[in-house]
Amino acid sequence: MRYVEFRDAIQEELKHHGEGWTWKELRHRLKLPYVRPCPTWVSRLEKEIGLERAPGEGRAYVWTLAKRG
């Protein structure tokens, strides 16, 4: 999977679920082949699509898109 495919899949999924998902939930829903997200890709997602990660339950972070406009 290339970065742009990863980015587009994450962005599309988060657009339709405003409450956000944890990485584990995203990985399962999108059938992603990665155990953990690449830190470099996550950093790019924050800059390019406005990814925000906030502490959730336990050690999990909830991924959402920044509210724009």
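**Notes on the predicted model**

1. Once residues up to four places away in sequence are set aside, Thr-22 touches Ala-60, Tyr-61 and Val-62. Thr-22 itself belongs to strand E1, which covers residues 21-22. Thr-22 counts as buried, because its relative accessibility is 17% and the limit for that class is under 20%. A further pairing may be checked on the display: Thr-22 and Thr-64 are 42 residues apart along the chain, and their C-alpha atoms are separated by 8.9 Å.

2. The overall composition may be stated next. The chain contains 3 helices and 3 strands, and read from the N terminus the elements follow the order α-β-α-α-β-β. The radius of gyration is 11 Å, close to the 11 Å given by the globule rule for 69 residues, so the chain is as compact as a globular protein of that length. The C-alpha trace spans about 30 × 30 × 20 Å along its principal axes.

3. Some totals describe the chain as a whole. Of the 69 residues, 30% are buried. The chain exposes about 5100 Å², and 50% of this area is supplied by carbon and sulfur atoms. Where contacts join residues at least 6 apart in sequence, 45% of them link residues at least 24 apart.

4. Which residues line the largest pocket? The lining consists of Thr-22, Trp-23, Lys-24, Pro-37, Arg-53, Arg-59, Ala-60, Tyr-61 and Trp-63. Helix H2 (23-30) and strand E3 (61-65) each supply at least two residues of the lining. The volume of this pocket is about 190 Å³. Thr-22, described in the first point, is one of the lining residues, and two of its contacts, Ala-60 and Tyr-61, are also listed in the lining.

5. Leu-51 is found in strand E2, residues 51-55, and its relative accessibility of 5% places it in the buried class. Beyond its neighbours up to four places away in sequence, Leu-51 touches Leu-14, Val-42, Leu-45, Glu-46, Trp-63, Thr-64 and Leu-65. Trp-63, one of these contacts, is also a lining residue of the largest pocket. Between Leu-51 and Met-1 there are 50 residues in sequence and 19 Å in space, C-alpha to C-alpha.

6. Met-1 lies in the segment before helix H1 (3-15) and is partly exposed, with a relative accessible area of 46%. Residues up to four places away aside, Met-1 touches Phe-6, Leu-32, Tyr-34 and Trp-41. The C-alpha atoms of Met-1 and Leu-32 are separated by 8.7 Å, although the two residues are 31 residues apart along the chain.

7. Is Trp-41 buried or exposed? Trp-41, a residue of helix H3, counts as buried at 19% relative accessibility; the class requires a value under 20%. With neighbours within four places in sequence left aside, the contacts of Trp-41 are Met-1, Arg-2, Tyr-3, Phe-6 and Tyr-34. Trp-41 and Asp-8 are 33 residues apart along the chain, and 12 Å separates their C-alpha atoms.

8. A final point concerns backbone geometry. Most residues other than glycine have a negative phi. Lys-31, however, has a phi near 55 degrees, a positive value in a residue other than glycine. Lys-31 is located in the loop between H2 and helix H3 (39-48). With a relative accessible area of 71%, Lys-31 is exposed, whereas Trp-41 counts as buried.

Key: Residues numbered from 1 in each chain as written. Predicted model: local features only at pLDDT ≥ 70, side-chain atom pairs only at ≥ 80, totals over all residues. Heavy atoms only, no water. 1 Å grid on protein atoms, 1.4 Å probe; cavity = no way out; pocket = protein on both sides within 12 Å on 5 of 7 lines; lining within 4 Å. Points joined across faces, edges and corners; volume = space filled by probe spheres on them. Helix = DSSP H or I, 4+ residues; strand = E, 2+ residues; numbered from the N terminus. Rg over C-alpha atoms; globule rule 2.2 N^0.38 Å. Buried < 20%, exposed > 50% of the residue type's maximum accessible area, 1.4 Å probe, protein only. Contact = heavy atoms within 4.5 Å. Areas by Shrake-Rupley, 256 points an atom, 1.4 Å probe, with all protein chains shown as cover.
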